[in-house]
Amino acid sequence: MSVEELRAVREAELQAQRIVADAVKEVNVVRESAKRQAKEIVEEWRARAARDVEELRSAILSEAKREAERTLAEAEDRSRKLEKDASSRRGQAIERVMKEVLGLS
Amino acid sequence: MPGGVEKLTREILRLAREEADAIIRKAKSEAQYALEGSRKEAENEYKTVLERERANLEMERQQVISDAVLRSQSLILEAKEKLIVSVYDEAFGRIKNFTSSPRYEDALVRLASQALSMVGSSDVELLVNEADAKRLSQLMLREIGGARRLASVKVSSTRIKAIGGVVARSSTGKIEVDNTIDGRFSIARNTLRTEISKMLFGGDSV
């Protein structure tokens with residue numbers, strides 16, 4: 001093999017090393033990119049969780065508040081009805097207490 | 001350049017490119033795998049957070065509803081209590097007015113007779129308020145005592161603070177029966193509570 005041929009082979013070997021070295025550099029780029037993407041994915045899911053929890057909270061507690069208000073309104077209605085129904089029997093109850101206290105029972 | 005060397009250099013470069021491609025392919029595949037792992041982990045974390053928060057919110061929801069149920073029960077109990085108290089207040093007011101009416105004398109005699117029967121002594125004094133001391137005439141006392149076959153019934157000089165009724169005390173002072181309107185009212189407040197509640201609210205009593 002002549003000097004020129006040896007030089008050509010040597011040149012090819014150096015180029016081959018550069019190709020592999022470039023590939024290794026690209027590997028680092030791929031890894032860094034994957035890390036960034038992974039971080040973005042985690043942040044995205046966390047943001048989604050925060051948003052969905054807030055929506056869930058709003059829906060569940062609004063429903064609970066409506067149910068609580070309905071329960072209280074029913075109790076107020078029942079109190080008014082009790083008062084109305086009792087008013088006709090009030091006189092009888094007063095008489096009963098009076099009789100007991102005055103020794104008539 | 002002779003053909004053999006050119007072939008050799010091409011082969012060197014082809015192998016290098018193959019190695020480079022393999023390195024990059026492997027790295028991309030590993031990156032993809034790692035990304036999938038991160039995605040699954042993040043999704044699981046999302047599910048865990050949502051499940052935990054849903055459970056917390058369910059407890060919060062139950063608490064809000066329990067509070068409302070307790071508040072409404074208390075509202076109804078307060079309304080009932082108010083009505084019962086109003087019955088007692090009204091009854092007390094009417095009884096107080098009644099003690100100024102002529103019909104009260106019969107009630108006073110009745111209360112005195114009941115007290116005397118409970119004392120179980122033949123010599124008894126009656127403690128009354130100032131107005132009732134004037135009402136209880138000698139005739140009335142004889143009537144009360146005679147009916148009970150008592151040796152002596154007299155009105156004590158000691159006055160009591162009551163709207164009406166009597167305290168009967170044996171001459172020895174050992175037995176004392178409170179049959180005042182105030183005392184009877186105080187007892188009736190407790191003993192009649194269930195009955196009054198049933199009268200007012202029927203099956204929906206306290």
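## Contacts of B:Val5

Contact here means heavy atoms within 4.5 Å. In this predicted model, B:Val5 touches A:Met1, A:Glu5, A:Ala8 and A:Val9, leaving aside residues up to four places away in sequence. B:Val5 belongs to helix 1 of chain B. Its relative accessible area is 6%, and buried means under 20%, so B:Val5 is classed as buried.

## Chain A

Chain A contains one helix and zero strands. Its radius of gyration is 44 Å, whereas the globule rule gives 13 Å for 105 residues; because the value is well over that figure, chain A is more spread out than a compact globule. The C-alpha trace spans about 145 × 20 × 10 Å along the principal axes of chain A.

Of the 105 residues in chain A, 33% count as buried. The accessible surface of this chain is about 7100 Å², and carbon and sulfur atoms hold 50% of that area. Chain A carries 23 positive and 23 negative charges, whose mean positions are 7 Å apart.

## Chain B

Six helices and four strands are assigned to chain B. Along the sequence they follow the pattern α-α-β-α-α-β-β-β-α-α. For 206 residues the globule rule gives 17 Å, and the radius of gyration of chain B, at 48 Å, is well over this; chain B is therefore more spread out than a compact globule. A box of roughly 160 × 35 × 25 Å, taken along the principal axes, is filled by the C-alpha atoms of chain B.

In chain B, 40% of the 206 residues count as buried. Among contacts in chain B with a separation of 6 or more, 73% are accounted for by residues 24 or more positions apart. The accessible surface of chain B comes to about 12100 Å², with 51% belonging to carbon and sulfur atoms. The mean positions of its 34 positive and 31 negative charges are 6 Å apart.

## Nonpolar cores

The largest nonpolar core has 47 residues, and those with the most contacts inside it are A:Val97, B:Leu126, B:Ile181, B:Ile196 and B:Leu200. At least two residues of this core come from each of several elements: helix 1 (3-101) of chain A and, in chain B, helix 1 (3-98), helix 2 (104-119), strand 1 (123-128), helix 4 (138-147), strand 3 (165-170), helix 5 (181-191) and helix 6 (193-201). Helix 2 of chain B gives the most to this core, with nine residues.

A:Val97 touches a set of chain B residues, namely B:Val87, B:Tyr88, B:Ala91, B:Phe185, B:Leu192 and B:Ile196, when residues up to four places away in sequence are not counted.

B:Arg61, like B:Val5, is located in helix 1 of chain B. Is B:Arg61 buried or exposed? With a relative accessible area of 17%, B:Arg61 falls under the 20% limit and therefore counts as buried.

Which residues does B:Arg61 touch, not counting those up to four places away in sequence? They are A:Ile60, A:Leu61, A:Glu63, A:Ala64 and A:Glu67.

Methods
Residues are numbered from 1 along each chain as its sequence is written. Chains are lettered from A and ligands numbered from 1 in the order in which they are written. This is a predicted model: local features need pLDDT of at least 70, side-chain atom pairs count only at pLDDT 80 or more; totals for chains, interfaces and linings use all residues. Side-chain values use heavy atoms; hydrogens and water are left out. The radius of gyration is taken over C-alpha atoms; the globule rule is 2.2 Å times the number of residues to the power 0.38. Buried means under 20% relative accessible area, exposed over 50%, partly exposed in between (1.4 Å probe, protein chains only). Accessible areas come from the Shrake-Rupley method with a 1.4 Å probe; for residues, only the protein chains shown count as cover. Lys and Arg count as positive and Asp and Glu as negative; His and the chain ends are not counted. The place of a charge is taken as NZ of Lys, CZ of Arg, CG of Asp or CD of Glu. A nonpolar core is a set of buried Ala, Val, Leu, Ile, Met, Phe, Trp, Tyr and Cys residues joined through side-chain atoms within 4.5 Å.
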